[in-house]
Amino acid sequence: MVKNGRGDFKGLRRNVRFKVVIGEQMYAIEVPEDLLRDSAEFHARLDRDMDRGWRMGREFVARPDRLQRCQIVADKLLTSITQGNQASAMLMAAYIALRMPGAVGVDIDDAGEMQNTELLYA
């Protein structure tokens with residue numbers, strides 16, 4: 001807990017700003033701290049789906065590692081942004097931020113090659 005300006009202890013909300021680069025476009029997704037906390041069940045479902053393997057471009061990956069999982073989720077993030085689905089975009093950004101501590105964003109390959117998507121660090 002943090003002491004707020006009134007002198008009492010209440011949880012102050014702190015958002016995570018997650019940077020998304022798609023080609024020449026840059027987006028900043030504000031992920032509320034409570035979403036980071038409350039999205040565990042949704043993120044666990046994503047992990048269970050990926051546990052069965054995933055097609056990444058032309059290649060099927062039987063057991064995606066942590067980086068590959070974030071690349072898969074970044075592809076979902078790309079879809080969320082292009083479809084204007086802000087709620088989904090925040091959930092996908094939260095997944096990457098939680099699974100890859102220190103990552104401040106992602107540079108998404110928009111040519112269909114998930115393996116070329118790169119995480120961004122400060």
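At roughly what angle do the axes of H2 and helix H3 cross, and within what distance do they come? They cross at roughly 115 degrees and come within 11 Å. Bear in mind that this is a predicted model.

**How H2 meets H3**

- H3 covers residues 66–82, while H2 runs over residues 40–51.
- With the axes crossing at roughly 115 degrees, H2 ends up roughly perpendicular to H3, because 65 to 115 degrees is the range that carries that label.
- As for handedness, H2 passes H3 in a right-handed crossing.
- On the H2 side, the contact uses Leu46, Asp47, Met50 and Asp51; on the H3 side, Arg69, Ile72, Val73 and Lys76 take part.

**Asp47 and its surroundings**

- Asp47, one of the H2 residues that meet H3, also pairs with Arg99 in a salt bridge, at 2.6 Å from N to O.
- Arg99 sits in helix H4 (residues 86–99) and Asp47 in H2, so this bridge ties together parts of the chain that are 52 residues apart in sequence.
- Asp47 is buried, at 16% relative accessible area, because the cut-off for that label is under 20%.
- Arg99 comes out as partly exposed, at 24% relative accessibility.

**A strand-to-strand pair: Glu30 and Arg17**

- Glu30 and Arg17 form a salt bridge whose closest N and O atoms are 2.6 Å apart.
- Glu30 belongs to strand S4 (residues 25–31) and Arg17 to strand S3 (residues 16–22), so the pair connects parts 13 residues apart in sequence.
- Glu30 is partly exposed, with 30% relative accessible area, whereas Arg17 counts as exposed at 57%.

**A loop-to-loop pair: Glu113 and Arg58**

- The side chains of Glu113 and Arg58 meet in a salt bridge at 3.2 Å, N to O.
- This one links distant parts of the chain, 55 residues apart: Glu113 is in the loop between strand S7 (103–108) and strand S8 (118–121), and Arg58 is in the loop between strand S5 (54–56) and strand S6 (59–61).
- Is Arg58 buried or exposed? Arg58 is exposed, with a relative accessible area of 73%, while Glu113 is partly exposed at 22%.

Key: Residues numbered from 1 in each chain as written. Predicted model: local features only at pLDDT ≥ 70, side-chain atom pairs only at ≥ 80, totals over all residues. Heavy atoms only, no water. Salt bridge = Lys/Arg side-chain N within 4 Å of Asp/Glu carboxyl O. Helix = DSSP H or I, 4+ residues; strand = E, 2+ residues; numbered from the N terminus. Buried < 20%, exposed > 50% of the residue type's maximum accessible area, 1.4 Å probe, protein only. Axes fitted to C-alpha atoms, helices over the stretch in contact; angles between N-to-C directions. Parallel < 35°, antiparallel > 145°, perpendicular 65-115°, else oblique. Left-handed = near helix turned anticlockwise from the far one by under 90°. Contact = heavy atoms within 4.5 Å.
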